[in-house]
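Student: Hi! Could you walk me through a protein model? I'm new to this.

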Amino acid sequence: MKILEKITLIIYSYVMLILAILACLLVFNWLDAELVGEIIHNILTGDVSGKIVLGVSVVFILLSVKCIFFDSTSKEQIKERQGVLLENESGKLMISKETIENLVNSVAKGFESTQDVITRVELDKDNNVKVYANLVVSSDAVIKDLSAKLQTSIKDKIKKATDLEVNEVNITVKKVAEKPEEA
């Protein structure tokens, strides 16, 4: 969120707070409605104060329209959500998160004791990768050894295929699959 939007949101919040307090005071009859009406009438019909109120109102209307109809997400943020944009002298290359997830899945499924994997990838602004892999492993798997080998293999595969640094490979064993009963 840009600084102007933050400041405007703060001012808008204060205005709403004052109006809510004023409404409560009027409802409980702790404030005379005629007095408030007269003050508001004087503010709105005053030469300078009327112009200030009009200016503030127009700004709030424009900001409301902007917030309702226009997405404030920048093109950079959209690209970060989609994947990693790499550039060199020949052009640009977009590596999607889905591509990195598929790399992780192929590595994980290459291990004999891994039966199923669900992967999620996070990217930061410096194009560093965090991998989250949820596994279903066979009952004969040595989970500690499997996860260590898997973490190393995933890091190596992503580095080799994309030249991206992998900060973390977080593995969660969701389930140990039962051995099928022999007939």
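This is a predicted model: local features need pLDDT of at least 70, side-chain atom pairs count only at pLDDT 80 or more; totals for chains, interfaces and linings use all residues.

Tutor: Happy to; we can go through the strands, the helices, a pocket and some side chains.

Student: Got it. What is the strand order in the open sheet of three strands?

Tutor: The order is β3-β4-β5, and the pairing is mixed.

Student: Which strands stand at the edges?

Tutor: Those are β3, residues 114–123, and β5, residues 166–176. Each has a single partner strand, so one side of each has no neighbour in the sheet.

Student: And how much are neighbouring strands turned against each other?

Tutor: By 15 degrees on average, if you ignore direction.

Student: What about β4 and β5, parallel or antiparallel?

Tutor: Those pair in the parallel sense, over nine bridges, with β4 covering residues 129–137. Lys130 stands opposite Glu168 in β5, and Leu135 stands opposite Val173 in β5.

Student: What holds paired strands together in general?

Tutor: Strands of a sheet pair through backbone hydrogen bonds, in a parallel or an antiparallel way.

Student: Now helices. Which strands does α5 lie across?

Tutor: Helix α5, residues 97–109, lies across β3 and β4, and runs at about 150 degrees to β3. Helix α6, residues 143–162, packs on the sheet too, touching β3, β4 and β5. The direction of α6 makes about 140 degrees with that of β5.

Student: Where do β1 and β2 come in?

Tutor: They form a hairpin with two residues between them. β1 is residues 83–88 and β2 is residues 91–96, and they pair in the antiparallel sense over six bridges. Val84 stands opposite Ile95 in β2.

Student: Switching topic: what volume does the largest pocket have?

Tutor: About 470 Å³. It is lined by 18 residues, and the closest to its centre are Val15, Ile18, Leu19, Ile43 and Val53.

Student: Which helices supply the lining?

Tutor: α1 (3–27), α2 (33–45) and α3 (47–69) each give at least two residues to the lining of the largest pocket.

Student: Last one, about rings. How many aromatic pairs turn up in the whole structure?

Tutor: A search finds one.

Student: And what lies over the face of Tyr132?

Tutor: That's Arg120, at 4.3 Å from the ring centre.

Terms used:
Residues are numbered from 1 along each chain as its sequence is written. Side-chain values use heavy atoms; hydrogens and water are left out. Rings of Phe, Tyr and Trp (its six-membered ring) pair if their centres lie within 6.5 Å; planes under 30 degrees apart count as stacked, over 60 as edge-to-face and the rest as tilted. A charge sits over a ring if NZ of Lys or CZ of Arg is within 6 Å of the ring centre and within 35 degrees of the ring normal. Two strands pair if DSSP finds at least two bridges between them. Helices (H or I, at least four residues) and strands (E, at least two) are DSSP runs, numbered from the N terminus. Axes are lines fitted to C-alpha atoms, for helices over the stretch in contact, and angles run from 0 to 180 degrees between N-to-C directions. Contact means heavy atoms within 4.5 Å. On a 1 Å grid over the protein atoms alone, a cavity is a set of points where a 1.4 Å probe fits but cannot get out, and a pocket is an open set with protein on both sides within 12 Å along at least five of seven lines; lining residues have an atom within 4 Å of a point. Grid points are joined across faces, edges and corners, and a volume is the space filled by probe spheres set on the points.
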